[in-house]
Amino acid sequence: MTVTRIREYRNLRGMTVRQLADRAGVSTGLISQVERGVTDPSLETMRRIAEVLDIPLFSLFQDGDDQTVAVIRHDDRYRISSPHHAITYTRASPGGAKLEVLEGSLEPGAVSSDSLRSHPSEECVVVLSGRLTIEVGDQTHLIKTGDSCYFDSHIPHRFRNEGRTTVRFMISVTPPSY
């Protein structure tokens, strides 16, 4: 199980478990279990918690170390995925940095979220293997291995995998957000 900083941020905001649960649309039991490291929540649940706490999603997993150089070993990366693991992200950058770098994988036929989402950042996505369909506003772009796509994350967006193999990609986000 993954240890999060939800309790720390909740307490900083003077929120009870019930208040956070109600605002995030989840049960108090789930918040309690996640805070104690008993269960791993879904990506969507973590997004809602981060939005309620008004912090970037991966800040919930940040190490808290201020380092000028950070080495993040592949096996030590924080990982979060959707309920059925259709999309998975691991953080390749340190927590608390001005730039967030994520490695993602998206299963065939899957989407990153049910609807287009926006957040106050800029993103650049590089496809490592496979083909990724990126919806940004009313535009749709097919990005192949080695291609990249930059966009303003204020514009609602999401990723789709319309292929038959898992697509792998890297995302750089600045500033880190949800």
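Mentor: Helices (H or I, at least four residues) and strands (E, at least two) are DSSP runs, numbered from the N terminus. This is a predicted model, in which local features need pLDDT of at least 70, side-chain atom pairs count only at pLDDT 80 or more, and totals for chains, interfaces and linings use all residues. Residues are numbered from 1 along each chain as its sequence is written, and side-chain values use heavy atoms, with hydrogens and water left out.

Trainee: Which residues of strand 9 form its covered face, and which its uncovered one?

Mentor: Val167, Phe169, Ile171 and Val173 make up the covered face of strand 9. Arg168, Met170, Ser172 and Thr174 make up the uncovered face.

Trainee: Why is Met46 called buried?

Mentor: Buried means under 20% relative accessible area, exposed means over 50%, and partly exposed lies in between (1.4 Å probe, protein chains only). Met46 has a relative accessibility of 0% and therefore counts as buried. This residue of helix 4 touches Thr4, Ile6, Pro41, Leu57, Leu60, Phe61 and Ile80, not counting residues up to four places away in sequence; contact means heavy atoms within 4.5 Å.

Trainee: What relative accessible area makes Arg5 buried?

Mentor: The value for Arg5 is 16%, so Arg5 is buried. Arg5 is found in the segment before helix 1 (6-12).

Trainee: How do you know that the side chains of Arg5 and Glu8 form a polar contact?

Mentor: A polar contact is a pair of N or O atoms within 3.5 Å; within protein, one must be able to donate a hydrogen and the other to accept it, and residues adjacent in sequence count only if both atoms are side-chain atoms. The contact joining the side chains of Arg5 and Glu8 is 2.5 Å.

Trainee: Why are the buried residues of helix 2 said to line one face?

Mentor: Helix 2 (residues 17-24) has Leu20, Ala21 and Ala24 as its buried residues. Seen down the helix axis, they fall within an arc of 100°, so they line one face; the arc is that of the directions from the axis to the C-beta atoms. On the other side of helix 2, Arg18, Asp22 and Arg23 are exposed.
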